[in-house]
Amino acid sequence: MNRLHTVNVAEAGEEAAPLFSAIRQAMGKVPNAYTTVGSNAPAVLGQVLQGSAVLKKGTLGARRIEAINLAVSEATQCDYCVAAHTMAAKAAGYSLEQTRKLRAGTYDEDANIDALVRFAASLVKTSGTLPAEAVEGLHAAGYDDRQIIEAIYAISAILFTNMVNRVNDTPLDFPKVS
């Protein structure tokens, strides 16, 4: 049950309607999370969509971004984003078993992705300045500073939707994941 005001997509106002239309065209539906954000702050939803576009044009690629999304969503215990990004990760080429590994914040099948999800989980689960070893681990795994900045941006982007869904208790419109 939504805790925040959420309109029926068909009844969206003039600011949200074009955003919802673009989402529906790209995804085949307007996910409940986007409906909640757009119902209350269409400009914020616009920024969320622009941020996703920036990440898609970046150097990380869909597999790494979804690895981050799963590790962070599990760390914050956002059931909505875990469900949504399990589906997205499978579309990016991960198996269900691999998505479970990513959610645990480790990935023994690829040292590069393992370093990334460990970094993401560490950044989300700790406070204060990260130890230098966290950054050194990414460099050692082959990440350059641009990719580290993009990873931090991906982490902050998924944290926003995690927080919205945790506050809203957004109803799942993706298959539930255990």
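Helices H5 and H6 cross in a right-handed manner; a crossing is right-handed if the near helix is turned clockwise from the far one by less than a right angle, and left-handed if anticlockwise. The model is predicted, so local features need pLDDT of at least 70 and side-chain atom pairs count only at pLDDT 80 or more, while totals for chains, interfaces and linings use all residues. Residues are numbered from 1 along each chain as its sequence is written, and side-chain values use heavy atoms, leaving out hydrogens and water.

Let's stay with this pair. H5 covers residues 79-91 and H6 residues 96-103, helices being DSSP runs of H or I with at least four residues, numbered from the N terminus. They pack at an angle of about 130°, with axes 10 Å apart. That angle makes H5 oblique to H6. From H5, Val-82, Thr-86, Ala-89 and Lys-90 make the contact, and from H6, Leu-96, Thr-99 and Arg-103 (contact means heavy atoms within 4.5 Å). These residues comprise three nonpolar, two polar and two charged.

Now for the backbone. Gln-77 is not a glycine, yet has a positive phi of about 60°. You will find Gln-77 in the loop between helix H4 (61-75) and H5. With a relative accessibility of 56%, Gln-77 counts as exposed (exposed is over 50% relative accessible area, buried under 20%, partly exposed in between, with a 1.4 Å probe and protein chains only).

Asp-169 also has a positive phi, near 55°, and sits in the segment after helix H9 (145-168). Its relative accessible area of 35% makes Asp-169 partly exposed.

How values were computed:
Axes are lines fitted to C-alpha atoms, for helices over the stretch in contact, and angles run from 0 to 180 degrees between N-to-C directions. Helices (H or I, at least four residues) and strands (E, at least two) are DSSP runs, numbered from the N terminus. Angles under 35 degrees count as roughly parallel, over 145 as roughly antiparallel, 65 to 115 as roughly perpendicular and the rest as oblique. Ala, Val, Leu, Ile, Met, Phe, Trp, Tyr, Cys and Pro count as nonpolar, Asp, Glu, Lys and Arg as charged, and the others, Gly among them, as polar.
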